[in-house]
Amino acid sequence: MFGGVFWLCPTLCVTVGELPLAEGRESVMTNQKPTATSRLKQDYMRLKRDPVPYITAEPLPSNILEWHYVIHGPEDSPYHGGYYHGTLLFTKEFPFKPPSIYMITPNGRFKTNKRLCLSISDFHPDTWNPAWSVATILTGLLSFMLETTPTLGSCESTTYEKRRYARQSLDFNMKNEVFQELFPEVCEEIKERLAKIEEHRKANAAATNNNTTATAGATANGTAAAAGASPDGLLDVDGADGPNPVTGAGADESNNIWHSLYTNLIVLIGFVIFALIVHYVIKSMNIE
């Protein structure tokens, strides 16, 4: 059976998906007060058997009460392509008390290194359900991240800013030693993506240099044509034939002359019309 609502600070609430209320019930029944360590070990085994979509989580080898997670930005969200690292800090009273939840990677949705206010966090021990597991917490966190409902610890940003944070998250996370230690497979993904980005950047730089060289060579060819050499014309940055520079300059000068004549003619006509109107007004006044 599923069901549940997550409440937010200060008086907001949001449904983040149906929660497995019966999850962990068997362990609670067989051991009325399981230790945090035994319960977290059970949750870890469940996560390995049934991973949460878009999320990877690992406890510190030296402290099972401190978990680190990575949210992979879903495809249909502004977080797509980003990797968002955060922590869950459990107490020795878990599962009877909720953990503190933090986000480390800048993301545009949550403030970094600030406790997040959710019913699945220690902000609301009164709404906490001991049957909720680590998987439940991470599922709720992702659901809330994809929404725009404000709460303590959240922040506002544009879609453009979120996408920029997603791109920047690759380099940011690779500077974190704990991240590299706990998530070697994710680090390999990031390294591959960074390598592709670097290849793409170099390819663009090479293309720009080639285009600059081609433009300079085409300019020299155009000058030679103007001096009586073979009129090959000028090449643009895409390598297509462009107009001869001399012909283009003459055409621009001719257009400027005609434009000046048209402007002067319009001004003259306007002045004549104005003079006629003044003359008509004066004549009418004399008649009266």
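Reader: Is Asn173 buried or exposed?
Author: Asn173 counts as buried, because its relative accessibility is 1%. Buried means under 20% relative accessible area, exposed over 50%, and partly exposed in between, with a 1.4 Å probe and protein chains only. One caution: this is a predicted model, where local features need pLDDT of at least 70 and side-chain atom pairs count only at pLDDT 80 or more, while totals for chains, interfaces and linings use all residues. Residues are numbered from 1 along each chain as its sequence is written, and side-chain values use heavy atoms, with hydrogens and water left out.

Reader: Where is Asn173, and what does Asn173 touch?
Author: Asn173 belongs to helix α4, residues 159-174. Helices (H or I, at least four residues) and strands (E, at least two) are DSSP runs, numbered from the N terminus. Not counting residues up to four places away in sequence, Asn173 touches Tyr83, Tyr84, His85, Thr105 and Phe179. Contact means heavy atoms within 4.5 Å.

Reader: Zoom out. How many helices and strands does the protein chain have?
Author: Seven helices and eight strands. Of the 288 residues in the protein chain, 34% count as buried.

Reader: Which residues does UniProt give as "transmembrane region"?
Author: The UniProt record, an unreviewed entry, puts that feature at residues 261-282. UniProt positions are given in the numbering used here, feature names are shortened, and annotations may be inferred rather than shown by experiment. In the model, residues 261-282 are 100% helix and 0% strand, and the end C-alpha atoms lie 32 Å apart.

Reader: New topic. Why is strand β3 called largely enclosed?
Author: Five of the six residues of β3 (residues 55-60) are buried, so the rest of the structure largely encloses β3.

Reader: How do β3 and β4 pair?
Author: In the antiparallel sense, over six bridges; β4 covers residues 63-72. Two strands pair if DSSP finds at least two bridges between them. A hairpin of two residues joins β3 to β4. Across the pairing, Glu58 stands opposite His68 in β4.

Reader: How many aromatic pairs are there?
Author: Eight. One of them is Tyr44 with Trp67: the ring centres are 5.9 Å apart and the planes are at 70°, so this pair is edge-to-face. Rings of Phe, Tyr and Trp (its six-membered ring) pair if their centres lie within 6.5 Å; planes under 30 degrees apart count as stacked, over 60 as edge-to-face and the rest as tilted.

Reader: Where do Tyr44 and Trp67 sit in the chain?
Author: Tyr44 is in helix α2 (residues 36-49) and Trp67 is in strand β4, so named, 23 residues apart; the pair links distant parts of the chain. Tyr44 is partly exposed at 23% relative accessible area. Trp67 is buried at 0%.

Reader: Which residues join Tyr44 and Trp67 in a ring cluster?
Author: Ring pairs link Tyr44 and Trp67 with Phe90, Phe94, Trp128 and Trp132.

Reader: Which rings have a charge over them?
Author: Phe144 is one of them, with Arg109 over its face at 4.5 Å from the ring centre. Phe123 has the charged end of Arg115 over its ring, 4.3 Å from the centre. A charge sits over a ring if NZ of Lys or CZ of Arg is within 6 Å of the ring centre and within 35 degrees of the ring normal.

Reader: What about the backbone?
Author: Most residues other than glycine have a negative phi, and most peptide bonds are trans. Phe94 and Pro95 are joined by a cis peptide bond, with omega about 15°. Pro95 is in the loop between β5 (83-89) and β6 (100-103).

Reader: What is phi for Tyr54 and Asn113?
Author: Tyr54 has a positive phi, near 70°. Tyr54 lies in the loop between α2 and β3 and counts as partly exposed at 36% relative accessibility. For Asn113, phi is positive too, near 60°. Asn113 lies in the loop between β6 and α3 (134-145) and is exposed, with a relative accessible area of 53%.
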